[in-house]
Amino acid sequence: MRPSLGPRERGRWASSRLPADRARAPGRAGIVQAGGGAALKEEIKMDVQPMRKFGVVGVGVGRAGSVRIRDLQNPEGSSAYVNLIGFVSRRELRSTGEVQQISLEDALSSQEVDVAFICSESSSHEHYIRQFLSAGKHVLVEYPMTLSLAAAQELWDLAEKKGKVLHEEHIELLMEEFAFLKKEVTGKELLKGSLLFTAGPLEEEQFGFPAFSGISRLTWLVSLFGELSLVSATLEEHKEEQYMKMTVHLETKDKCPLTWIEEKGPGLKRKRYLNFQSGSLENVPTVGMDKKIFLKDQTLFVQKLLGQVSEKELCAERKRILHCLAVAEAIRMCCRPEK
């Protein structure tokens, strides 16, 4: 069942006076399946401005957090339905631009804050999500939501219990490259495929085991070819050289092989190499630039806050996210059975 609005929230939105299909309560915890299920809607289905916007606080002001803060101040599109209250950071910054820093305690207790955008390092996601959901706030979090399957299941259950939206960002599903691939592989039989991702070193203590820090690549594969089974996985590490290479062999339900490789070390450029033999598709051409991709994800989230995402879409997205986390956890156990 969909969670209902509390008394305080009902008062805020009562003035909208929209038809029933446009004034539903926030959807069940989960996110829209962009690219794989529900397409991104170009406009939010609101014909009038709400009496009060959703108050938002940002947690973390790194690269993603800074882009989120910038987009929240954009007066157009989905940003017209939110109001940036401030940001939370472990660093003493006082302000960034015209946005004021507030304490975590104030963000959790403030009646003006309805939503938290969590953009901190992955290792802190679970802690922040639990705190904000427990305080009765909706949550948007950068991927991965957590670094374990069990924790993600617990947090989704908590979101449903509290009647709040829990949205895991997956901007990779909003990319032009993914849209092209999705169109090309639909209806074609996969013969085999590979995805290699290279980048500079990444601190595992902050961002998790490579299968979790690289879960956006796994999400691509699952969104393109359906649920996957783990065949084998190996991890080559040279910690003194800050180098690692994870090689994962997967297969589809039809037993078609897929290879996923994450390689990170000094001097490696951030790049993705794809090769899918599916019908006539063997290499991916260069496609258009991805513009305002975080703002597109924000629009998906706001659509959920406004109850404009179907139960079917939400359930499909939750299933996909949990499946990817389960595969990532199986990869970790295969590479490090002692842990």
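**Cysteines.** I started with C335: its sulfur sits 5.5 Å from the closest cysteine sulfur, in C334, which is too far for a bond. For a disulfide I wanted a pair of cysteine sulfur atoms within 2.5 Å. Searching the whole structure that way, I found zero disulfides. I then checked burial, taking buried as under 20% relative accessible area, exposed as over 50% and partly exposed as in between (1.4 Å probe, protein chains only). C335 has a relative accessible area of 17%, so I put it down as buried. C324 is at 2%, so I count it as buried too.

**What I am working with.** This is a predicted model, so I held local features to a pLDDT of at least 70 and side-chain atom pairs to 80 or more, while totals for chains, interfaces and linings use all residues. Residues are numbered from 1 along each chain as its sequence is written, and side-chain values use heavy atoms, with hydrogens and water left out.

**Confidence.** pLDDT is the predictor's confidence in each residue, from 0 to 100. I noted an average of 84 for the protein, with 81% of the residues scoring at least 70. Residues 1-39 are below 50, and beyond near neighbours in sequence this stretch has 109 contacts in the model. A contact here means heavy atoms within 4.5 Å.

**Overall.** I counted eleven helices and twelve strands, both being DSSP runs numbered from the N terminus (helices H or I, at least four residues; strands E, at least two). Of the 339 residues, 52% are buried. Among contacts with a separation of 6 or more, 77% come from residues 24 or more positions apart.

**Helix α9.** How many residues of α9 (residues 215-225) are buried? Eleven of the eleven, so the helix is largely enclosed by the rest of the structure. The buried set includes R217 and W220. G226 follows α9, and its phi is positive, near 90°.

**Cores.** I looked for nonpolar cores, meaning sets of buried Ala, Val, Leu, Ile, Met, Phe, Trp, Tyr and Cys residues joined through side-chain atoms within 4.5 Å. The largest has 68 residues, and those with the most contacts inside it are I118, I129, F132, L166, L218, W260 and I331. Helix α11 (residues 311-335) gives the largest share of this core, eight residues. A second, separate core has 20 residues, including F54, V56, V61 and L140. Going back to I118 and leaving aside neighbours within four places in sequence, I listed its contacts; among them are V59, I129, F132, L140 and E142.
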